[in-house]
Amino acid sequence: MEMIKVRIDGVEVEVPAGTTALEAAKLANIDIPTLCYLKDINEIGACRMCLVEVEGARSLQASCVFPVGDGMNIKTNTPKVRAARKISLELILSNHDRKCLTCVRSQNCELQDLSQKLGVDDIRFEGERYDKPIDSFSPSIERDPNKCILCRRCIAVCNNVQGIGVIGATERGFETMVEPVFNMSINDVPCINCGQCIVACPVGALREKDDTEKVWDALNNPDLHVVVQTAPAVRVALGEEFGMEMGTRVTGKMVSALRRLGFDRVFDTDFAADLTIMEEGTELLNRINNGGTLPMITSCSPGWIKYSEHYYPEFLDNLSTCKSPHEMMGAVVKSYYAEKNGWDPANVYVVSIMPCTAKKFEAQRPELSVNGHPDVDVVLTTRECAKMIKEAGIDFLALPDGDFDPALGDSTGAGVIFGATGGVMEAALRTVYEVVTGEPMENIEVHAVRGIDGVKEAEIELGDMTIRAAIAHGTANAKALLEQIKSGEKEYHFIEIMGCPGGCVTGGGQPIVKAKTYMEKDPKVVRAKAIYDEDRDLPIRKSHENPSIKKLYEEYLGEPNSSKAHDLLHTHYVERSVY
Amino acid sequence: MSAVTLKQNEEKFSKLQLVIDQWKDKEGPLMPVLQAAQDIFGCLSLDVQKYISKELDIPVSEIYGVVTFYSQFTLKPKGKYKIGVCMGTACYVKGSQAILDEISKELNIKSGETSEDGLFTLDATRCLGACGLAPIIMINDDVYGRLSPGDIKEIIKKYKD
């Protein structure tokens with residue numbers, strides 16, 4: 001690789017040719033402000049926050065899109081640069097809905113950060129503001145156009161990373177908006193509710209539908225048994241909301257916090273992930289042995305499910321009929337567990353803490369219910385969970401480690417790795433291998449299916465059978481994989497698809513990572529490492545060895561895929577239109 | 001939709017398909033395809049945009065962004081007669097605002113709207129390039145210059161009959 005030398009604020013750095021001034025400055029430990037920039041996703045030089053002076057150039061350059069040349073001399077902190085950045089920022093602020101005090105992103109807002117950093121101490125320009133209605137029709141995503149600063153980060157992630165493109169820039173000049181077409185609600189366009197737009201948004205223009213009030217009400221209702229469950233990915237990210245280092249595991253503190261909030265039972269979605277493996281693994285073997293539709297594709301990710309319903313209905317028969325793990329948990333709580341405890345299912349209220357905004361939509365699907373009761377009553381994101389803990393005045397950092405409640409709180413390492421791309425596949429293989437061969441799996445860590453390559457493939461020998469598997473995460477990658485299958489170029493038995501890039505660890509409901517942090521580390525990697533560490537530290541790492549799962553089958557379900565299991569734990573899908 | 005209009009619609013889409021086939025594999029196919037689509041359909045409805053989206057593999061949101069960016073494209077059908085009132089500097093100084101107001105009153109529509117009978121669409125435009133005749137209006141390809149508000153009724157009447 002050709003290396004070139006540049007001088008930035010007098011500091012000489014050697015960088016590969018093609019490096020932008022922004023990246024080069026980062027290497028020289030010089031921080032250039034950015035706003036529309038999102039590494040690898042949105043690099044368009046639109047907001048003019050990152051302007052720098054390049055010796056010999058006629059005008060200031062946007063450093064995020066300006067490749068440095070050999071011997072270049074760049075200045076990032078001159079009166080001209082500072083004035084230009086500040087006036088651009090002031091103009092962005094001039095028509096911004098500056099209700100910072102009540103904004104969901106207060107103290108976690110890149111625009112607020114910049115205002116402070118660039119020393120904006122007065123609003124010099126009062127621009128004409130539009131007062132547009134907030135789009136709150138979607139159960140997952142709320143859009144507030146008055147807070148939008150037109151950075152286009154959401155458009156880039158929806159279009160390029162997810163391959164969906166349901167939001168775009170419309171009109172021109174002062175009329176420009178970022179919105180769905182024809183003034184439609186985000187609820188009425190083929191949006192999959194993945195929430196990647198939310199985590200890409202630097203301000204409060206996109207956010208999840210806040211359901212915390214419903215949970216407070218339930219907790220305050222003495223007639224209800226309020227049960228909470230937490231997805232695997234929440235425990236490796238929740239700490240970030242309390243200032244902890246990315247990748248810190250807070251499983252015990254999270255359980256304690258939920259108990260202090262007043263939940264009657266704190267269960268682990270990982271238990272239901274183990275249950276999913278039993279059901280899905282059996283379904284896979286049945287399909288292979290009995291000529292069922294192949295490849296079978298996992299159904300845990302509600303973003304992916306809605307994606308296939310809109311864009312690839314021809315694959316609906318390929319989807320596993322298994323409900324997603326938290327829905328299985330809800331169904332088990334409102335049947336088996338309620339019966340065992342003498343609870344009336346009508347008075348059982350199930351709350352799911354998920355790294356996901358798509359699960360909010362999923363929980364409302366009428367088909368996901370048990371005896372007329374919804375499997376899950378409310379879904380909160382990791383962020384909403386943190387909000388409740390803060391509101392309750394719980395000192396999260398000082399909490400002792402708690403344990404999940406018995407039975408539905410018991411889980412394995414196979415359950416926890418559901419949180420990362422490749423995890424469902426790996427967990428399934430750990431069980432299917434042993435079921436088919438009758439021998440213990442020697443090396444249960446299947447590294448071929450881990451990592452953040454967009455599409456991964458693996459071949460696994462199961463006795464005299466070879467399983468061809470593929471994994472895709474992020475719907476643009478899923479699209480590429482499905483097209484290869486459609487054209488006959490590729491053939492598989494089993495496919496895992498997660499709607500979000502990286503899987504659930506970087507789901508749309510996870511703590512928001514600032515654009516600056518993405519320049520230093522990739523949360524897909526850091527949080528996944530924490531997931532795999534969690535797996536390694538657990539005494540049982542295979543779903544079929546979970547004693548509470550065995551007991552559930554013995555006492556209630558019979559065997560995997562039994563008719564009772566089908567009633568409670570399986571579902572169906574519907575074709576949806578594209579607009 | 002009646003059988004006749006359905007058939008007309010089908011014909012329009014096959015016409016559009018011919019244009020798409022011509023541009024599909026070239027660089028930057030969207031603008032020429034949108035221009036042709038507007039000529040064929042009179043406007044760029046959601047159905048037309050969806051069709052183009054599928055054929056060119058461009059998200060509807062991006063197409064809609066282009067359509068709403070350029071004032072030449074329209075989402076709703078325009079009237080049979082498109083009235084453009086020049087708001088360029090010369091015409092404006094010579095009183096084109098009063099001309100616009102008069103037409104607006106006469107047809108009972110605002111700038112950008114189409115009359116209920118579908119006959120007229122009124123637009124305030126940028127300079128039409130006939131400053132020597134200011135203030136001017138154009139109705140389709142006809143130019144009317146050196147106007148005063150009093151001339152309007154007569155001109156409109158010609159197109160109504």
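Modeller: What follows is a set of questions and answers on a predicted model.

Colleague: What is omega for the cis peptide bond from Ala134(B) to Pro135(B)?

Modeller: Pro135(B) is in the loop of chain B between strand E2 (120-125) and strand E3 (137-139). The peptide bond that leads from Ala134(B) to Pro135(B) is cis, and its omega is near -5 degrees.

Colleague: Is Asp40(A) buried or exposed?

Modeller: Asp40(A) sits in the loop between helix H1 (21-27) and strand E3 (51-54) of chain A. Its phi is positive, about 65 degrees, although Asp40(A) is not a glycine. Exposed means over 50% relative accessible area. The relative accessible area of Asp40(A) is 63%, so Asp40(A) is exposed.

Colleague: What is the relative accessible area of Ala407(A)?

Modeller: Ala407(A) is not a glycine either, yet has a positive phi of about 70 degrees. It belongs to the loop between helix H12 (382-391) and helix H13 (413-416) of chain A. Ala407(A) is partly exposed, with a relative accessible area of 27%.

Colleague: How many of the 11 residues of helix H7 (residues 251-261) of chain A are buried?

Modeller: Buried means under 20% relative accessible area. Among the residues of H7(A) that are buried are Thr251(A), Lys253(A), Met254(A) and Leu261(A). The cover over the buried residues includes helix H6 (212-219), strand E10 (225-230) and helix H17 (523-536) of chain A. H7(A) is largely enclosed by the rest of the structure, because the number of its residues that are buried is nine.

Colleague: At what angle do the axes of H8(A) and helix H18 (residues 547-557) of chain A cross?

Modeller: Residues of H8(A), including Phe271(A) and Met278(A), meet residues of H18(A), including Ile549(A) and Leu552(A). The residues of this contact divide into seven nonpolar, one polar and two charged. The crossing is right-handed. The two axes come within 10 Å, and the angle at which they cross is roughly 65 degrees.

Technical notes:
Residues are numbered from 1 along each chain as its sequence is written. Chains are lettered from A and ligands numbered from 1 in the order in which they are written. This is a predicted model: local features need pLDDT of at least 70, side-chain atom pairs count only at pLDDT 80 or more; totals for chains, interfaces and linings use all residues. Side-chain values use heavy atoms; hydrogens and water are left out. Helices (H or I, at least four residues) and strands (E, at least two) are DSSP runs, numbered from the N terminus. Buried means under 20% relative accessible area, exposed over 50%, partly exposed in between (1.4 Å probe, protein chains only). Axes are lines fitted to C-alpha atoms, for helices over the stretch in contact, and angles run from 0 to 180 degrees between N-to-C directions. A crossing is left-handed if the near helix is turned anticlockwise from the far one by less than a right angle, and right-handed if clockwise. Contact means heavy atoms within 4.5 Å. Ala, Val, Leu, Ile, Met, Phe, Trp, Tyr, Cys and Pro count as nonpolar, Asp, Glu, Lys and Arg as charged, and the others, Gly among them, as polar.
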